[in-house]
Amino acid sequence: TLTASYKLTRTWEIGAKWQYSTGNPYTPVIGTTLVPNPATGRLVYFPIYGETNSVRVSPFHRLDIRINKAFIHDRWQMGIFLELLNAYNHKNVLTFDYNDDYTEKEVVHQLPLIPYLGVMAEF
């Protein structure tokens, strides 16, 4: 994680945080077997897993950017900020979602670009 901020003036500040991480390990599904569901008796697919944590998802990286404006008073101060999480909208892998028979998997991504405004006060 790299972070930096710069105070433009007494009341304006801009900052950024960049994060990088190797992909999280996971245990792949290498096959399936049909087993009866104890509650219904129906046959359902049950995954057969490979070696524990033998595969990794793709590396994670994202950039967050923030700009603050402070309003300074005698005994308190207030600030507003705009922050962009995942500013370049990288599609970071969170996990995988499998279909019923485990023959297809779909990537589940983490959150996309999220802009938000905030207000803070210090007394």
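I'm working on a predicted model.

**Overall shape.** I then checked the extents: along its principal axes the C-alpha trace spans about 70 × 30 × 20 Å. Of the 123 residues, 19% count as buried. The chain exposes about 9100 Å², and 57% of that comes from carbon and sulfur atoms. I also looked at contacts with a separation of 6 or more, and residues 24 or more positions apart account for 53% of them.

**The five-stranded sheet.** I traced an open sheet with the order β1-β2-β7-β8-β11, paired antiparallel. Which strands stand at the edges? They are β1 (2-7) and β11 (114-122); each has a single partner strand, so one side of each is left without a neighbour in the sheet. Neighbouring strands of this sheet are turned by 15 degrees against each other on average, direction ignored. Inside the sheet I looked at β7 and β8 (residues 77-85), which run antiparallel and are joined by eight bridges. In that pair, I72 stands opposite Q77 of β8.

**The β4-β5 hairpin.** Next I went to β4 (residues 29-36) and β5 (residues 43-49), an antiparallel pair with seven bridges. V35 has V44 in β5 as its bridge partner. Six residues lie between the strands of this hairpin, and G41 takes a positive phi near 80 degrees.

**P59.** I picked P59 because its relative accessible area of 36% makes it partly exposed, between the 20% and 50% cut-offs. Where is P59 found? P59 is in the loop between β6 (55-56) and β7 (60-72). Leaving aside neighbours within four places in sequence, I listed the contacts of P59: Y20, S21, T22, G23, H90 and N92. I also took the C-alpha to C-alpha distance from P59 to I30, which is 22 Å for a gap of 29 residues in sequence.

How values were computed
Residues are numbered from 1 along each chain as its sequence is written. This is a predicted model: local features need pLDDT of at least 70, side-chain atom pairs count only at pLDDT 80 or more; totals for chains, interfaces and linings use all residues. Side-chain values use heavy atoms; hydrogens and water are left out. Two strands pair if DSSP finds at least two bridges between them. Helices (H or I, at least four residues) and strands (E, at least two) are DSSP runs, numbered from the N terminus. Buried means under 20% relative accessible area, exposed over 50%, partly exposed in between (1.4 Å probe, protein chains only). Contact means heavy atoms within 4.5 Å. Axes are lines fitted to C-alpha atoms, for helices over the stretch in contact, and angles run from 0 to 180 degrees between N-to-C directions. Accessible areas come from the Shrake-Rupley method with a 1.4 Å probe; for residues, only the protein chains shown count as cover.
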